[in-house]
Amino acid sequence: MTNNKTVLSWIDEMKALVNPDQVVWIDGSEEQLEALRKEACETGELIKLNQEKLPGCYYHRTAVNDVARVEDRTLICSRNEEDAGPTNHWKDPKEAYKMLYDIARGSYKGRTMYVIPYSMGPIGSPLAKIGVELTDSIYVVLNMAIMTRVSQKVMDVLGDSNDWVRGLHCKCNIDEEKRYICHFPEDNTIISVNSGYGGNVLLGKKCFALRIASYQGKTEGWMAEHMLILGLENPKGEVKYVCAAFPSACGKTNLAMMIPPEGYRAKGYKVWTVGDDIAWMRPGEDGRLYAINPENGFFGVAPGTNMKSNPNALISTKKGTIFTNVARNLDDNTVWWESLDKNPPVNAEEWKGAHVNGPEYIAEGNKLAHPNSRFTAPAKNCPCISSEFENGAGVPISAIVFGGRRAQTTPLVYQSRDWNNGVFVGSIMASETTAAATGAVGVVRRDPMAMLPFCGYHMGDYFQHWFEMGEKLGENAPKIFNVNWFRLDSEGHFLWPGFGDNFRVLEWILKRCEGKVDAKETAIGYVPYAEDINLEGIQDFDIETLKSILEVDKAAWAKEAEGIEEFYKQFGDKLPQELRNQLETLKKNCAE
């Protein structure tokens, strides 16, 4: 498939290490993929689902000890420890390679090495990057064929270049004591051993598209961010694009695939999904910031996805999808998970494979589907996928939105004063723990730009890179906002209706970008006048409630500033001075 000497010599080196019985190059053809699906069904690696109800869909079960990302065994192996920073786990590259090679040595004996050439982003796009993943798992091959663009064309575009990311995945024995996911930013290399779970083994996803790409972006002058990309179309047919970053459990995928309220739909407003998880952004020839979604599919959490919470995501899973660790309805060979509907199957197979009575099993406090069970669905299945999804030039970004889950302090929406203040807003992003998640309620967990687990280098340098990108973009820089859909009343009820009604806030954000509405300056930035957010058609919500969730409590923010100062301490001298200045300004504003 290629004459690229750097690719071929690396593959030869890895073959000598892992010792496969045979090597198969993946060309992405339907004929080849179908043969692999058939083989995986024969070995039990996959189960073919009801092809009338779920055409092209398959079921996979991981090992019980291998169901999620393992952050404490996810390592950044930069040559200097300081370059990994305080928020990453670091290991010396020489030690890491030796450890990994000792674990991987001979692990493909009796197995096939699959060579997957893939493009993150539309093939040939100036914003795209190329990777090659070696794996001994058909499950990985089939998922990568959904999540990335796998094709001979990838190698054609690469030519003789050495600008590609090496990825070695070895299932080994799925030994959690020897499970490591290691990133070598200076070497463009990722090695994953002893896991079969998607988040640890689909190396194009968080491993390449965020950890490695964030380092590439810093050195090459672009940005790899944990952000959705959506387009808002008005009745005139004009589309404006927004990127948004949220920590987990804050509704990122729901926002990316949002359906506008009925009144807006009737007037012709639409939302288009470009991406639900990752954005790669570069300045374009016109000086504006352009973004692509480097992925080609959705790797979504199944529990909680239903026709009310996210109909577009659910519809996306109806064909060509791989389901992992959900429950199976044995009566019709379909899938089920918590909150899909209120009818758990009686004749069920729970996610570990036991045959159970679904309603009775749940009544005893058990889960039929693992809480982190997944679907891998092609993006083209999504009813609201953007016509710009395959546009290699990307889409121009008008606004960047940060958000978190805060019961009180943070208003529904506010705008930063400028780009630098916006970087500060992103750096202090936080969510509060809920009773469901931990014993302690309301503990503030900071997750700057939602990148804490995914930044491939020192976060202090990452913040500095944001400031440098702002200088590069100048007056063309997107406006930066913060949202909080999760304000609570004194009894713990959500005050803002959320879901599709979040469109109303995005409409205000875009009006601000276009200079069509004024705003009130506060201690933290610009807050809307309540009258400028359209409440038409909202049930059981009034303008007084809206005013209450737009208020900025200076005393609460003074306390917040103390928490920010404590959080910043870990970055030491690497914390950009501009962030210290922004924090001092916040303190001063809250004291006035």
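Rings of Phe, Tyr and Trp, the last by its six-membered ring, count as a pair if their centres lie within 6.5 Å. By that rule, this predicted model holds 23 aromatic pairs.

Start with Tyr-197 and Phe-299. Their ring centres are 6.1 Å apart and their planes meet at 50°. Planes under 30 degrees apart would count as stacked and over 60 as edge-to-face, so this pair is tilted. Tyr-197 sits in the loop between strand S11 (189-193) and helix H7 (198-201). Phe-299 belongs to strand S18 (residues 297-301). The pair therefore ties together parts that are 102 residues apart in sequence. Both Tyr-197 and Phe-299 are buried.

Tyr-462 and Phe-463 make another tilted pair, with 6.0 Å from centre to centre and 55° between the planes. Tyr-462 is buried, as is Phe-463. These two residues also belong to a cluster linked by ring pairs.

Arg-73 lies over the face of Tyr-180, 5.0 Å from the ring centre. Lys-206 lies over the face of Phe-454, at 5.1 Å from the ring centre.

Now turn to Asn-312, in helix H11 (residues 311-316). Is Asn-312 buried or exposed? Its relative accessible area is 7%. Buried means under 20%, so Asn-312 is buried. A polar atom of the Asn-312 side chain lies 2.9 Å from the backbone oxygen of Met-257. Beyond neighbours within four places in sequence, Asn-312 contacts Met-257, Ile-259, Cys-382, Pro-383 and Cys-384.

Methods. Residues are numbered from 1 along each chain as its sequence is written. This is a predicted model: local features need pLDDT of at least 70, side-chain atom pairs count only at pLDDT 80 or more; totals for chains, interfaces and linings use all residues. Side-chain values use heavy atoms; hydrogens and water are left out. Helices (H or I, at least four residues) and strands (E, at least two) are DSSP runs, numbered from the N terminus. Buried means under 20% relative accessible area, exposed over 50%, partly exposed in between (1.4 Å probe, protein chains only). A polar contact is a pair of N or O atoms within 3.5 Å; within protein, one must be able to donate a hydrogen and the other to accept it, and residues adjacent in sequence count only if both atoms are side-chain atoms. Contact means heavy atoms within 4.5 Å. A charge sits over a ring if NZ of Lys or CZ of Arg is within 6 Å of the ring centre and within 35 degrees of the ring normal.
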